[in-house]
Amino acid sequence: MINILANDGISQAGIDVLKTKGFNIVTEKVAQKDLINAINSENYEVLLVRSTTTVRKDLIDACPQLKIIGRGGVGMDNIDVDYAKEKGLKVINTPAASSASVAELVFAHLFGMVRFLFDANRQMPIEGESDRSEERRVGKECRSRWSPYH
């Protein structure tokens with residue numbers, strides 16, 4: 001059975017998939033300073049990280065049983081990718097995993113901008129409900145800006 005350490009966490013769905021495939025997955029967070037010892041003592045062959053854990057040359061050299069380093073996210077600046085590959089480790093990531101969430105956030109910010117939600121949120125505690133002038137409350141109607149409605 002292959003031992004996996006998901007040091008920065010993993011979704012329950014990910015845990016379930018890995019377990020049904022016969023992997024032993026541990027999600028308990030190990031401090032960076034204790035990581036080498038934990039990987040060696042528990043014989044982890046796969047290390048999954050997100051943004052918090054760094055995987056540098058010292059860790060790669062000190063953990064010869066590691067076979068895969070996985071990054072849950074887009075960038076891999078917290079992993080010494082070139083060195084890991086030189087040492088024969090497979091380095092993987094999930095570059096498109098957050099695409100839908102990023103798109104949703106962009107649209108949420110766009111809607112907030114055209115409706116002046118930030119300004120309204122900041123001004124309300126200062127002015128209370130006393131300033132109800134029309135020019136303070138008017139935003140842009142998004143529907144009229146979309147081509148399907150023209």
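Start by selecting threonine 53: leaving aside residues up to four places away in sequence, this residue touches Asn7, Asp8, Lys29, Gln32, Leu35 and Asn78. Touching, or contact, means heavy atoms within 4.5 Å.

Before going on, a word about what is on screen. This is a predicted model, where local features need pLDDT of at least 70 and side-chain atom pairs count only at pLDDT 80 or more, while totals for chains, interfaces and linings use all residues. Residues are numbered from 1 along each chain as its sequence is written, and side-chain values use heavy atoms, with hydrogens and water left out.

**Stop 1: around threonine 53**

Where does threonine 53 lie? It is in the loop between strand E3 (46-49) and helix H3 (57-62). Those element names are DSSP runs numbered from the N terminus: helices are H or I with at least four residues, strands are E with at least two.

Is threonine 53 buried or exposed? Threonine 53 counts as buried because its relative accessible area is 1%. The cut-offs here are under 20% relative accessible area for buried, over 50% for exposed, and partly exposed in between (1.4 Å probe, protein chains only).

Now show the side chains of asparagine 7 and lysine 29. The side chain of threonine 53 has a polar contact of 2.9 Å with that of asparagine 7, and another of 3.3 Å with that of lysine 29. A polar contact is a pair of N or O atoms within 3.5 Å; within protein, one must be able to donate a hydrogen and the other to accept it, and residues adjacent in sequence count only if both atoms are side-chain atoms.

**Stop 2: the salt bridges**

To count as a salt bridge, a side-chain nitrogen of Lys or Arg must be within 4 Å of a carboxyl oxygen of Asp or Glu. Lysine 29 is partly exposed at 48% relative accessibility, whereas aspartate 8 is buried at 17%.

- Select lysine 67 and glutamate 45: their closest N and O atoms are 2.8 Å apart. This pair also links distant parts of the chain, with lysine 67 in the loop between H3 and strand E4 (68-71) and glutamate 45 in the loop between H2 and E3, 22 residues apart. Lysine 67 is partly exposed at 48%, but glutamate 45 is buried at 15%.
- Select lysine 87 and aspartate 61: here the closest N and O atoms are 3.8 Å apart. Lysine 87 is in the loop between helix H4 (81-86) and strand E5 (90-93), and aspartate 61 is in helix H3, 26 residues away. Lysine 87 is partly exposed at 47%, and aspartate 61 is partly exposed at 39%.

**Stop 3: the strands**

Switch to a cartoon view and pick strand E1 (residues 3-6). Both of its faces are covered: Asn3 and Leu5 on one side, and Ile4 and Ala6 on the other, are all buried. E1 runs parallel to strand E2 (residues 24-26), with three bridges joining them. Two strands pair if DSSP finds at least two bridges between them. Click isoleucine 4 to find its bridge partner in E2, isoleucine 25.

E1 is also joined to E3 by three bridges, again in parallel. There, alanine 6 stands opposite leucine 48. Follow leucine 48 onward and you reach glycine 70, which stands opposite it in E4; E3 and E4 pair in the parallel sense over four bridges.

**Stop 4: zoom out**

Which elements make up the protein chain? There are seven helices and five strands, and from the N terminus they run β-α-β-α-β-α-β-α-β-α-α-α. Of the chain's 150 residues, 27% count as buried.

**Last stop: helix H5**

Finish on leucine 110, which lies in helix H5 (residues 99-114). Leucine 110 is partly exposed, with a relative accessible area of 39%.
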